[in-house]
Amino acid sequence: MEPSLLPVEILEAQQDFPMALAACKDLDGLLRLKGAYIGREGSHAARLMELLKAAPKEQKRELGAAINALKNQWEETIKARQVELENAKKRAAALGNTWDPDLPAPMPAQGSLHPLNRLIDRLVDVFRPLGYHVEEGPEAETEAHNFDGLNIPVDHPARGSADTFYFEKHPGLLLRTHTSPVQVRTLLRLAPHIKEKGGIRFLAPGRVYRKDEIDPTHSPMFHQVEGMLVGHGVGMHHLKGTLAYAMKALFGPGADIRFRPSYFPFVEPGCEVDVRCPLCGGSGCRVCKQSGWVELLGAGLVHPNVLEYAGIDPGEWSGFAFGMGVERIAMMVSQTPDLRFFFENDQRFLKTMGGLD
Ligand code: DAH
């Protein structure tokens, strides 16, 4: 008989059986299961026999065969499991009384911070002694903060709805595509106090969103940490010194960085920063694709238009900024080949993320 022609009662009982069997951890449980499936009265098998009785004559042969096959299978499986459990019981008895009052009591499972949050905390700890505090901004952000204030032109491709999640019912509102809008918010808020403070410096960690298909290295939601410093006469050498210090603190004294020219509308000049591969030390490995270097972040000197938008005089003030992808660093440090591990919350993965401690 075609499986789809079996009455739904049979299909359901058949489907549930393996789970019910797996849930039996001892002989008592197994006996209960035996009663429920193949017992004389009230069991699934008994119910199936009633179904058979009530079936039209021409279906009885096929239905009977299907029911018998199922009953036999249940019987055999239960028997085999029974033997297994009895043997286990005998083995335990042979070992004597296994109750040891001196054994420590089992401790309740303890929760802990997610590996990505641990890494973010570490980054914050590296920058805090340099005078950086933490700033936050909303994930539902305005186009003005996410793009305009960052000197991103109106026709820039990143603004398109192919890359950015816009709120259909709220024109001008989007899910921020990077943590850089926190630059704009913080500059706007602190601009009136910049003189008395002598400058501004902060980190801004958080979630960002892009219309990327999910694959081993992309996700529509990921994390970035933004950093910014504004002061008098800030140059590339300050950026370089700060990042070199931070990477040594993060990856160890052997860490080295290099700059490659790049372009981001909110910095001039702009660059990308690589770190000498923390895994092979630069000799070449799978993580750095034999190049000895891994891309770490985007950075540069704050564009005068960004300062001006926030009401800060670029003639007097200058600064640097950088932005890094947290998952990228986490994957590299922990040698995790697939970004999705960080979002699936499989306890076995989360517990073995020692590489990030
Ligand atoms: N916001 C950039 C991105 O998401 C990263 C970035 C580049 C941040 C350069 C910066 C910067 O602050 O100066 O790709």
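A polar side-chain atom of Gln183 sits 3.1 Å from an oxygen atom of the ligand. The model is predicted. Taken alone, the ligand exposes 350 Å², and the protein buries 90% of that. The protein is divided into domain 1 (3-94) and domain 2 (115-352).

**Ligand site**

- The ligand is surrounded by 15 residues. The closest are His178, Ser180, Arg210, Gln224 and Glu226.
- His178 places a polar side-chain atom 3.0 Å from a nitrogen atom of the ligand.
- Phe322 takes part through its backbone: a polar backbone atom lies 3.3 Å from an oxygen atom of the ligand.
- By residue class, the shell around the ligand holds 6 nonpolar, 7 polar and 2 charged residues.
- Three strands, β5 (221-231), β8 (293-302) and β9 (318-325), each give at least two residues to this shell.

**Domains**

- The centres of domain 1 and domain 2, taken over C-alpha atoms, are separated by 59 Å.

**Nonpolar core**

- The largest nonpolar core has 44 residues. Met247, Val275, Leu297, Phe320 and Phe322 touch the most other members.
- Helices α5 (115-127), α9 (236-251), α11 (326-334) and α13 (347-351) each supply at least two residues of this core.
- Strands β5, β7 (267-276), β8 and β9 also supply at least two residues each.
- Which element gives the largest share of this core? It is α5, with 7 residues.

- Glu135 is found in the loop between β1 (133-134) and β2 (140-142).
- Is Glu135 buried or exposed? Its relative accessible area is 5%, under the 20% cut-off, so Glu135 counts as buried.
- The side chains of Glu135 and Arg189 are joined by a polar contact of 2.8 Å.
- Arg201 lies in strand β4 (residues 200-209).
- Arg201 and His133 are 68 residues apart along the chain. Their C-alpha atoms are separated by 7.0 Å.

**Gly311**

- Gly311 lies in the loop between α10 (304-309) and β9.
- Gly311 counts as exposed, because its relative accessibility is 59% and the cut-off is over 50%.
- The C-alpha atoms of Gly311 and Phe341 are separated by 43 Å. These two residues are 30 apart along the chain.

**Backbone geometry**

- A cis peptide bond links Glu268 and Pro269, with omega about -5°. Pro269 is found in strand β7.
- Lys289 has a positive phi, near 50°, and is a residue other than glycine. Its place is in the loop between β7 and β8. Lys289 counts as exposed, at 71% relative accessibility.
- Asn345 is not a glycine either, yet its phi is positive, about 55°. Asn345 is found in the loop between α12 (341-344) and α13. With a relative accessible area of 46%, Asn345 is partly exposed.

How values were computed
Residues are numbered from 1 along each chain as its sequence is written. This is a predicted model: local features need pLDDT of at least 70, side-chain atom pairs count only at pLDDT 80 or more; totals for chains, interfaces and linings use all residues. Side-chain values use heavy atoms; hydrogens and water are left out. A residue is near a molecule or strand if one of its heavy atoms lies within 4 Å of it. A polar contact is a pair of N or O atoms within 3.5 Å; within protein, one must be able to donate a hydrogen and the other to accept it, and residues adjacent in sequence count only if both atoms are side-chain atoms. Accessible areas come from the Shrake-Rupley method with a 1.4 Å probe; for residues, only the protein chains shown count as cover. Helices (H or I, at least four residues) and strands (E, at least two) are DSSP runs, numbered from the N terminus. Ala, Val, Leu, Ile, Met, Phe, Trp, Tyr, Cys and Pro count as nonpolar, Asp, Glu, Lys and Arg as charged, and the others, Gly among them, as polar. Domain bounds come from an automatic or database domain assignment. Buried means under 20% relative accessible area, exposed over 50%, partly exposed in between (1.4 Å probe, protein chains only). A nonpolar core is a set of buried Ala, Val, Leu, Ile, Met, Phe, Trp, Tyr and Cys residues joined through side-chain atoms within 4.5 Å.
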